[in-house]
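Me: I am new to reading protein structures. Could you walk me through this one, feature by feature?

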Amino acid sequence: TILYEVSEGVAVVTLNRPDKFNAFTAVMNKEITDALKQAQKDADVRCIVLTGAGRAFNAGQDLGDVSGGGDVDYGGFLRDRYNPMILQFQKTEKPIIAAVNGVAAGAGMSVALACDIRLASEKASFVNAFVNIGLVPDSGGCYYLPRIVGIGKALELAMTGEKVSAEEALRIGLVNQVYPAESFMEDALAYARKLASLPTKGIGLIKRTMYKGLEMGLEEALEYEAFAQEAAGSTADHKEGVTAFMEKRAPRFTGR
Ligand code: LHQ
């Protein structure tokens, strides 16, 4: 139910149930987790793009599989299927871009929030749909949304479940860029290839250090930066960056 393709340093993971707005099934949750693990292992991959086939990005849990609660242990459902997938986004020490081609709803919105960068087609939209069926934002929705847009906006989006357009998403900092629908995937891939040409190890360390920093006090965060800088300072790309600067030429980073 997903596609996985690597070219020019970029792994593209496409959620592929277009007739169901790419809604999640247990199989898809596992496939996404495995695709991220694969991309982490594959040295040729220096950036990951997550997108949806067809009109939607992702409509969240396939509601055909849960039929209104009671019969399904939602806590167990999340612990088994969603939480390991969401954790894998941070465990993957390479930049992950959500290329939000259409609507991102419920856990589909949460997954976009779990990505490091969000690029939106002008046809994209975001629906924190949980409240519309009496649920709580899950899959990291309550964690990432306030951290990305601030607590005031996060509570509003979660409590109203109202649709946010791409334009509004850009205004509130929910997405990083908006591109025309016609050229969207080309624009997103160009962005991804640019990231894939940068110091991949350093970017992985930036990702880890920033996310860890969210959980730390200043003293601990400073200590973690010192630790991460030791690692970054010993990469080939750091050496290349400094050498290229001194030689007044463009750097050629290899991701090592
Ligand atoms: C869908 C879905 C869908 C199945 C659209 N399932 N078919 C975790 C743990 C435990 C329990 C529950 O959940 C979770 C995590 C969650 O994600 S909870 C939140 C689940 N998601 C939602 O509540 C979103 C439901 N969908 C919508 O609100 C709308 O469909 C959106 C805003 C996504 C799109 O609206 P429209 O553009 O107006 O399209 P549409 O409503 O006509 O949907 C298109 C088709 O996709 C339609 O099928 P059809 O056969 O009639 O063309 C929908 O039934 C189907 N679809 N979402 N989640």
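**Reading the fold**

Me: Let me start with a strand residue: which residue in β7 stands opposite V103?

Reply: In β7, the residue opposite V103 is S125. Before we go on, please note that this is a predicted model: local features need pLDDT of at least 70 and side-chain atom pairs count only at pLDDT 80 or more, while totals for chains, interfaces and linings use all residues. Residues are numbered from 1 along each chain as its sequence is written.

Me: Now to the start of the chain. How do β1 and β2 pair?

Reply: They pair in the antiparallel sense, over six bridges. V6 stands opposite A11 in β2. The two strands, β1 (2-7) and β2 (10-15), form a hairpin with two residues between them, and E8 in its turn has a positive phi of about 50°.

Me: Is E8 buried or exposed?

Reply: A residue is buried if 20 or more other C-beta atoms lie within 10 Å of its own, exposed if 12 or fewer, and partly exposed in between, with C-beta atoms placed from the backbone. E8 has 12 other C-beta atoms within 10 Å, so E8 is exposed. N22 also has a positive phi, near 60°, in a residue other than glycine. N22 lies in the loop between β2 and α1 (26-41), but N22 is buried because 29 other C-beta atoms lie within 10 Å.

Me: How many residues of β2 are buried?

Reply: Six of its six residues are, so by the cut-offs above each has 20 or more other C-beta atoms within 10 Å. V10, V12 and T14 cover one side, and A11, V13 and L15 the other.

Me: Which strand does β2 join in the parallel sense?

Reply: Six bridges join β2 to β3 (residues 47-52), where L15 stands opposite G52. Next, β3 and β4 pair in the parallel sense over four bridges, and the bridge partner of L50 in β4 is A98. Then β4 and β6 (residues 117-121) pair in the parallel sense, also over four bridges, with R118 in β6 as the bridge partner of A98. In β4 (residues 96-100), five of the five residues are buried: I96, A98 and V100 point one way, and I97 and A99 the other.

Me: Which residues come nearest to the ligand?

Reply: A residue is near a molecule or strand if its C-beta atom, placed from the backbone, lies within 6 Å of it. Of the 24 residues around the ligand, A59, G60, Q61, G106 and A107 come nearest. The elements giving two or more residues to this shell are α2 (74-91) and β5, and α2 gives the most, with three residues.

Me: What classes of residue make up that shell?

Reply: Ala, Val, Leu, Ile, Met, Phe, Trp, Tyr, Cys and Pro count as nonpolar, Asp, Glu, Lys and Arg as charged, and the others, Gly among them, as polar. The shell has 16 nonpolar, five polar and three charged residues.

Me: Finally, what domains does the chain have?

Reply: Domain bounds come from an automatic or database domain assignment, which gives domain 1 (2-196) and domain 2 (200-246). Their centres, taken over C-alpha atoms, are separated by 26 Å. Each domain gives seven residues to the contact. On the side of domain 1 that touches domain 2, there are one nonpolar, one polar and five charged residues.

Note on methods:
Two strands pair if DSSP finds at least two bridges between them. Two residues are in contact if their C-beta atoms, placed from the backbone, lie within 7 Å.
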